[in-house]
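Hi everyone, thanks for making time this morning. Let me put the model up on the screen, and then we can walk through it together.

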Amino acid sequence: MANSGIQLLGFFLSLVGIVGLIVGTVLPQWKMSAYIGDNIITAVAMYQGLWMSCAFQSTGQLQCKIYDSILQLDSSLQATRALMIVGIIVSVAGLGVACMGMKCTTCGGSDKLRKSRIAMIGGIILLIGGLCAIVACSWFAHNVIRAFYNPYTPVNTKFEFGAAIFIAWGGALLDVLGGAMLAASCPRKKQVSRYPNMPGSRSSPPSSNKEYV
């Protein structure tokens, strides 16, 4: 049977990964203004996230504005939003399923084989959720890199990676790692011998040691 310690480790890694996904999705620092070339004005730092854009002034003031209309957003940003939300929802559902199949819980019944299979299904669901988040982060990062190296992009409008995308990346990787540990908890079936026992191999009844007079 699967080791319960591996299940616990996978569960907590997935839990930390989901928290990282939620924090990374909410934070606005997905990309920040890049100071390159003649752009030496550092009094205001611009941040853009999935839900809002912020301006951080050198005086310590932070002003944020939520995007007014979803339809006015870029299609890639809308897709990133959708993938991150789907990844979080699927990961939370997978964590709940895996919790029912862990050895240290009793909500999945007393059948150990059945519980291990439930934990494996939960791990697979966690893998799907983590992969959705990885695709979303990688797609967003690709668009940032492409716009940064585009010669037609003005210097004062170029952005680089912010802290939130790295948090989301880390959370997605932890989610995938924890899901893989839970998915590997399914026990292997015992191999049954195809050949019946030979008559000669049967143990003979114990001989009587009684002495007769």
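Starting from the N terminus, the elements of the chain follow the order α-β-β-β-β-α-α-β-α. That comes to four helices and five strands. Helices here are DSSP runs of H or I with at least four residues, strands are runs of E with at least two, and both are numbered from the N terminus.

Two housekeeping points before we go on. This is a predicted model, in which local features need pLDDT of at least 70 and side-chain atom pairs count only at pLDDT 80 or more, while totals for chains, interfaces and linings use all residues. Residues are numbered from 1 along each chain as its sequence is written, and side-chain values use heavy atoms, with hydrogens and water left out.

Now the chain as a whole. How much of the chain is buried? Of its 213 residues, 35% are buried; buried means under 20% relative accessible area, exposed means over 50%, and partly exposed is in between, with a 1.4 Å probe and protein chains only. The chain exposes about 13600 Å², and carbon and sulfur atoms supply 65% of that. Those areas come from the Shrake-Rupley method with a 1.4 Å probe, and for residues only the protein chains shown count as cover. As for contacts (heavy atoms within 4.5 Å), take those between residues at least 6 apart in sequence: 68% of them join residues at least 24 apart.

Let's turn to the strands. Strand β2, residues 44-48, pairs with β3 in the antiparallel sense over five bridges; two strands pair if DSSP finds at least two bridges between them. A hairpin of three residues joins β2 to β3, and Ala 45 has Phe 56 in β3 as its bridge partner.

Follow Phe 56 to its other side, and you find Leu 62 in β4 standing opposite. Strand β3 covers residues 52-57 and β4 covers residues 62-66; they run antiparallel, joined by five bridges. Met 52 stands opposite Ile 66 in β4. Between β3 and β4 there is a hairpin with four residues, and Gly 60 in the turn has a positive phi of about 100°.

While we are in β4, please look at Cys 64, which sits in that strand. Is Cys 64 buried or partly exposed? With a relative accessible area of 41%, Cys 64 is partly exposed. Leaving aside neighbours within four places in sequence, Cys 64 is in contact with Met 52, Ser 53 and Cys 54. Pro 28 is 36 residues away from Cys 64 along the chain, and their C-alpha atoms are separated by 8.7 Å.

Next, the largest pocket. In general, rolling a probe the size of a water molecule over the atoms shows where empty space is left. On a 1 Å grid over the protein atoms alone, a pocket is an open set of points where a 1.4 Å probe fits, with protein on both sides within 12 Å along at least five of seven lines, and lining residues have an atom within 4 Å of a point. The largest pocket holds about 430 Å³ of space. It is lined by 23 residues, and the closest to its centre are Lys 31, Gln 48, Asp 74, Leu 77 and Phe 140. For the volume, grid points are joined across faces, edges and corners, and the space counted is that filled by probe spheres set on the points.

Which element gives the largest share of that lining? The answer is α3, with five residues. β4, α2 (75-101) and α3 (112-148) each supply at least two. By type, the lining divides into nine nonpolar, nine polar and five charged residues. Here Ala, Val, Leu, Ile, Met, Phe, Trp, Tyr, Cys and Pro count as nonpolar, Asp, Glu, Lys and Arg as charged, and the others, Gly among them, as polar.

Thr 80 lies in helix α2 and is buried, with a relative accessible area of 0%. Beyond neighbours within four places in sequence, Thr 80 is in contact with Trp 30, Leu 50, Ala 136 and Phe 140.

Phe 11 lies in helix α1 and counts as buried at 15% relative accessibility. Leaving aside neighbours within four places in sequence, Phe 11 is in contact with Leu 95, Cys 99, Met 102 and Leu 182.
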